[in-house]
Protein chains: 2
Amino acid sequence: MSELAYLEESAFQTRSMTMFAVNNLPDFTPGMALGAEIINALTAQGESLQRGDILVIAHKAVSKCEGAMYDLDDVTPTDEAMTLAREVNKDPRKVEVILRQSSRILRHIKRPNQDEGIIIAEHKLGFICANAAVDESNADRPGRLITLPDDPDNSAQQLCTELEDYYHTELGLVISDTFGRPWRMGQTNVAIGVANVPTIKTLFGENDAWGRPLKVTAPAFADELAAASGLLMDKDAKCPVMIFRGLDWTRQHSHISQIIRPKQEDLFR
Amino acid sequence: MSELAYLEESAFQTRSMTMFAVNNLPDFTPGMALGAEIINALTAQGESLQRGDILVIAHKAVSKCEGAMYDLDDVTPTDEAMTLAREVNKDPRKVEVILRQSSRILRHIKRPNQDEGIIIAEHKLGFICANAAVDESNADRPGRLITLPDDPDNSAQQLCTELEDYYHTELGLVISDTFGRPWRMGQTNVAIGVANVPTIKTLFGENDAWGRPLKVTAPAFADELAAASGLLMDKDAKCPVMIFRGLDWTRQHSHISQIIRPKQEDLFR
């Protein structure tokens, strides 16, 4: 396993990082080459990628290029989808897509004050989220649903390798989606696919500043990156790619499955 | 309500932000002036604060200065604490402090392979987290437990006002803690107190890039900031204060209670 540490030295001897957006990316459609589009856009804004840079990419850009989408007109709902759709007042065809993307439904509810209810599902990839991450926002036309990529780690690795080859350097890449959370209002971006960056930075066995062991500290590095990307990745601005520069991280073979809490350890399913 | 928008123009006409650490802060003890220490440290590293900067501060720095701590030797556990402590194999005095900080215990479990179990509690302030955010890591000596500040919004506002007065400018401030999550491994920093920055950036009613309404998008801005701070705020490096520069945000009167999901809306309690 290749292990390389990246650390940017700043002019002020201070620990710092920058995050910037890749501007003027096109609307993505199936078959488009996302890597080439990122390279073109970066070149147009006078930027290139440097050793240790990490890209965070909103999954919709990846999903659209890969054609990970459904047209509602092509979907025939099963009886199970029809029943669930009635209970939450959703289009049965959308519920059918949610069921196809899910391994299990955890909760579904429609409150009297809601027009459309919510389905909390376990996605086939293990993520627990609303509507199995099936989304119609930012689809390029009505009646089209976007799903997660089929294999986000593979998408991340292919894209990262393409960019590493072009820039002759070593990079990391995270694919993100926007999830709600139990207990807390609002959404944050989380990682749904990774390449080269640690999913979790395990600090088991290290000591705190006073020498006492930090037993259970394991920062979810990929989720920290995803959440940070949301600070500039406004939904209405067609800005799905962020570059992080200056972070200290160790290159490794990582998998997004490392962030899924095993069912037997989970107290809230 | 004062509403001011901040947006840094970068040299590349690109959307970007920087985050940097305040270096060489001292070990904090009760009665120390956190604001003055931040100013001194920034001055020593040739930095000052600018209009629109946002500080994220790990709560332990605030809690220590405010004396939000317990010495185990001063704590007498109740019968309830003794019983719960036996079930999870924790020091009954620590469990007593957890109970004092909590309004309710949601789950407690000790698995056969665990030395010490876990208590998921609803903190008096509404946060749901492990051990009611009571922590012995980074306490300055064994037998001392650190709790959340009594009123984190008030702590954030006082500190922010002190820094605004000194630098004659407008700032935002978030106090953070490190929480685990259901369903996902690892921890991220979340906001537990805010001053001036939006807790949630409500995008209800706005349109996506294709003109369709974004019905339910409400980025948890304060949590995005907190999570991003973790990218540089390693636990072992005495680096509890991060500065964000270049973000677009609107000054407002905000409260951390805005991020607590109302119990009647929560599907996972």
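**Entry 1: conventions**

I am working with a predicted model, in which local features need pLDDT of at least 70 and side-chain atom pairs count only at pLDDT 80 or more, while totals for chains, interfaces and linings use all residues. Residues are numbered from 1 along each chain as its sequence is written, chains are lettered from A and ligands numbered from 1 in the order in which they are written, and side-chain values use heavy atoms, with hydrogens and water left out.

**Entry 2: the two domains of chain A**

I looked up the domain assignment of chain A, which gives domain 1 as 18-67 + 149-269 and domain 2 as 69-147; such bounds come from an automatic or database domain assignment. The C-alpha centres of these two domains of chain A lie 25 Å apart. To their contact (heavy atoms within 4.5 Å), domain 1 of chain A gives 19 residues and domain 2 of chain A gives 18 residues.

I then noted the buried area, that is, the accessible area (1.4 Å probe) that two parts lose on being put together, summed over both. Between the two domains of chain A it is about 1600 Å², with carbon and sulfur atoms giving 60%. Of the area that domain 1 of chain A buries against domain 2 of chain A, 34% is supplied by A:Lys60, A:Lys64 and A:Arg269, more than any other three residues.

I found A:Lys60 in a salt bridge with A:Asp135, the closest N and O atoms being 2.7 Å apart.

**Entry 3: a histidine in chain B**

I turned to B:His123, which is found in strand β6 (residues 118-123) of chain B; strands here are DSSP runs (E, at least two residues), numbered from the N terminus. B:His123 has a relative accessible area of 2% and is therefore buried, the cut-off for buried being under 20% relative accessible area with a 1.4 Å probe, protein chains only.

The side chains of B:His123 and B:Gln101 are joined by a polar contact of 3.1 Å, the term meaning a pair of N or O atoms within 3.5 Å, where within protein one must be able to donate a hydrogen and the other to accept it, and residues adjacent in sequence count only if both atoms are side-chain atoms. I also saw that the side chain of B:His123 reaches the backbone nitrogen of B:Leu125 at 2.9 Å.

Notes
Helices (H or I, at least four residues) and strands (E, at least two) are DSSP runs, numbered from the N terminus. Buried means under 20% relative accessible area, exposed over 50%, partly exposed in between (1.4 Å probe, protein chains only). A salt bridge is a side-chain nitrogen of Lys or Arg within 4 Å of a carboxyl oxygen of Asp or Glu.
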